[in-house]
Protein chains: 2
Amino acid sequence: MKVVLACDLGGTNLRMALVDKDGKMFYQSRSETPKTREEIIRKIVSLAEECSYEARRVGYEVNALGIAAPATLNSEKGIIMKAPNVPALDGMPICSVLENELKIQCFLENDANAAAIGEQNFGSARGFNSIVMVTLGTGVGGGIILDGKLWRGIDGTAGEIGHITVEPMGASCGCGSRGCLEQYSSASAIIRMTKEFRCDYPRSPLYSRLFLTAKDVYEAGKQGDKLALKVFEQMGTYLGIGLAGLINVLNPEAIVIGGGASEGWELFIPYTIEQIRKRAYEEPAQRAKLLKAELGEMAGVLGAAKIAFDKMKSVATPGI
Amino acid sequence: MKVVLACDLGGTNLRMALVDKDGKMFYQSRSETPKTREEIIRKIVSLAEECSYEARRVGYEVNALGIAAPATLNSEKGIIMKAPNVPALDGMPICSVLENELKIQCFLENDANAAAIGEQNFGSARGFNSIVMVTLGTGVGGGIILDGKLWRGIDGTAGEIGHITVEPMGASCGCGSRGCLEQYSSASAIIRMTKEFRCDYPRSPLYSRLFLTAKDVYEAGKQGDKLALKVFEQMGTYLGIGLAGLINVLNPEAIVIGGGASEGWELFIPYTIEQIRKRAYEEPAQRAKLLKAELGEMAGVLGAAKIAFDKMKSVATPGI
């Protein structure tokens with residue numbers, strides 16, 4: 001049987017898995033992402049060899065490696081342009097480097113795009129051809145699939161859903177703008193808003209907490225804490241404002257919401273739905289299913305695997 | 001030589017022209033748009049016959065009719081779904097009705113989409129494959145072309161750029177939402193904002209004007225009137241906020257700005273550029289050329305002609 005290696009090269013974790021064409025994972029391995037370029041390549045090679053060894057052991061043939069990276073990149077040439085969270089990779093022709101090391105074909109894709117492909121093929125958006133994927137993590141990312149094809153944009157920078165303005169004079173954003181969706185609907189935004197609002201909620205268990213995580217706020221919200229509920233209301237409202245615009249502009253079949261902060265789903269999604277009802281046209285609003293992502297942290301790996309399978313095929317049958 | 005008939009079925013005017021495959025118009029005719037369904041069809045048929053007569057007179061062969069309509073519609077089936085400005089057409093299978101009358105193939109497209117196709121093929125966006133077209137008219141409309149293909153959305157409702165939220169608690173919009181781009185960057189918005197701001201500008205020639213048009217405000221702005229300049233600043237700023245989001249999400253090659261209110265270009269575009277610089281990522285912002293539409297009121301007609309030529313071809317060579 002044919003399988004591929006799939007790698008999610010994250011800012012924190014480096015995941016590698018052995019995946020078949022139906023998205024079934026046979027083996028997986030993980031490590032922290034090293035800091036330097038050489039260490040990263042060495043680590044990818046060693047995880048790939050570990051997975052390949054497993055493949056050979058059970059008689060599977062490994063044909064290609066798909067890589068998802070948190071970067072703007074040239075997927076045709078397999079070059080990483082700019083990776084803000086793994087700066088060691090800036091400008092690296094990672095596919096040719098790894099093809100040289102591993103002697104198999106390598107394919108590169110942006111991580112949010114890979115996650116969109118993963119969810120569309122193996123996750124909650126199975127059966128949909130035109131979707132918008134939004135990942136609510138430390139930041140807010142996105143991937144757009146139209147008629148079954150990734151829309152990467154002219155320079156591969158499309159899908160930056162987190163940097164739609166939802167509040168013109170709102171909170172400053174790392175991108176240089178202000179009032180970006182990312183400042184209201186990401187895990188970091190949950191923490192910032194909790195700190196901003198908490199002086200009004202002295203009885204909240206979050207009031208005097210020194211170190212806060214988005215998960216703390218979620219747990220408090222589940223217990224009915226009013227501060228946490230207020231934060232998730234804000235988060236869901238702005239998410240709805242952004243998504244309503246995308247629904248009016250793109251008229252997609254489904255919107256998949258993933259990333260760590262999507263765990264707070266039941267606390268924020270009612271406000272998201274309310275804004276979409278108020279702000280989007282009725283027909284596209286009714287069309288666009290709001291789906292919670294299913295693949296969690298493995299969306300990128302599974303998307304990278306699907307990409308490797310698809311591209312490998314097209315290379316394996318030249319001229320057809 | 002082969003030519004097509006192209007019709008722009010507007011809320012106010014009905015235009016018909018004889019166009020060749022290079023977008024050259026040989027003959028054109030115009031009438032007010034009648035109110036009832038029967039009168040509209042009769043008028044289209046009579047204009048089509050007038051144009052066809054001219055074609056025959058000079059020895060040209062008329063093969064098809066392309067129609068641009070201000071409506072959500074099913075272009076494959078040639079049916080108008082909903083036309084808020086020409087309600088008589090709601091639900092009408094206009095292509096089969098006209099094919100029956102005229103005995104030539106008919107093709108239907110939304111007017112903003114047709115304008116985008118027109119500008120991309122014969123106007124300011126010649127040579128670009130992935131563009132966003134924004135029309136600043138009574139309302140704000142849009143059309144999206146990605147990789148040379150119109151993106152219509154799943155229900156044909158995509159491209160509603162005028163209904164992106166740019167000010168969450170802003171002015172109420174006819175669509176039921178508030179703070180839509182249309183409320184800040186359309187011709188009607190120019191008039192509304194002039195009336196809103198003018199109590200602060202008692203010396204403006206617009207201060208006590210009873211009837212105001214967007215053109216009056218533009219003319220005053222060209223003369224340096226501070227009220228008018230303030231209005232165009234607001235218009236351009238919000239347009240930039242909306243376009244910056246589209247640039248981050250779609251990474252297009254160009255944005256074409258048309259419609260009557262685009263006449264104020266030199267008064268609003270500096271503010272649009274400023275917001276794009278502040279709010280969009282550098283790479284896609286530098287990529288996206290801001291182009292003033294060139295075809296004016298004929299963009300829809302020329303787009304409809306191009307569509308008729310393209311589809312006619314594909315029908316004429318079945319199975320290939």
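## Ground rules

Two residues count as in contact if their C-beta atoms, placed from the backbone, lie within 7 Å. What you have here is a predicted model, where local features need pLDDT of at least 70 and side-chain atom pairs count only at pLDDT 80 or more, while totals for chains, interfaces and linings use all residues. Residues are numbered from 1 along each chain as its sequence is written, and chains are lettered from A and ligands numbered from 1 in the order in which they are written.

## Chain A as a whole

Let's start with the overall picture. Chain A has ten helices and twelve strands (helices are DSSP runs of H or I with at least four residues, strands are runs of E with at least two, and both are numbered from the N terminus). Its radius of gyration is 20 Å, close to the 20 Å that the globule rule gives for 320 residues, so chain A is as compact as a globular protein of that length. That radius is taken over C-alpha atoms, and the rule is 2.2 Å times the number of residues to the power 0.38. The C-alpha trace of chain A spans about 60 × 45 × 35 Å along its principal axes.

How much of chain A is buried? Of its 320 residues, 54% count as buried (20 or more other C-beta atoms within 10 Å of a residue's own; 12 or fewer makes it exposed, and in between it is partly exposed, with C-beta atoms placed from the backbone). Among contacts in chain A with a separation of 6 or more, 63% are between residues 24 or more positions apart.

## Helix α1 of chain B

Now for a helix in chain B. α1(B) covers residues 37-57, which makes 21 residues, and reaches 30 Å from its first C-alpha to its last, close to the 30 Å expected at 1.5 Å a residue (the expected span is 1.5 Å times one less than the number of residues). Ile44(B), Leu47(B), Ala48(B), Cys51(B) and Ser52(B) are its buried residues. They cover an arc of only 140 degrees around the axis, which puts them on the same side of α1(B); the arc is that of the directions from the helix axis to the C-beta atoms.

What covers those buried residues? The cover includes β1 (2-9), β2 (13-19), β3 (25-32), β4 (61-69) and α2 (94-102) of chain B. On the face turned away from the buried side sit the exposed residues Glu38(B), Glu39(B), Tyr53(B), Arg56(B) and Arg57(B). After α1(B) comes Gly59(B), with a positive phi near 85 degrees.

## A loop residue

Asp22(B) is in the loop between β2 and β3 of chain B. Is Asp22(B) buried or exposed? Asp22(B) is exposed, because it has 10 other C-beta atoms within 10 Å.

## Where the chains meet

The contact takes 35 residues from chain B and 35 residues from chain A. On the chain B side, α7 (226-250), α8 (265-279) and α9 (282-287) each supply at least two residues, and α7(B) gives the largest share, six residues. α7(B) itself is mostly covered, with 20 of its 25 residues buried.

Chain B can be laid on chain A by a turn of 180 degrees and a shift of 0.0 Å along the axis, with an RMSD of 0.0 Å. That is the relation of a two-fold axis. The superposition is by least squares on the C-alpha atoms of residues with pLDDT of at least 70 in both copies. The copies meet through the same surface, because 100% of the interface residues of chain B are also interface residues in chain A.
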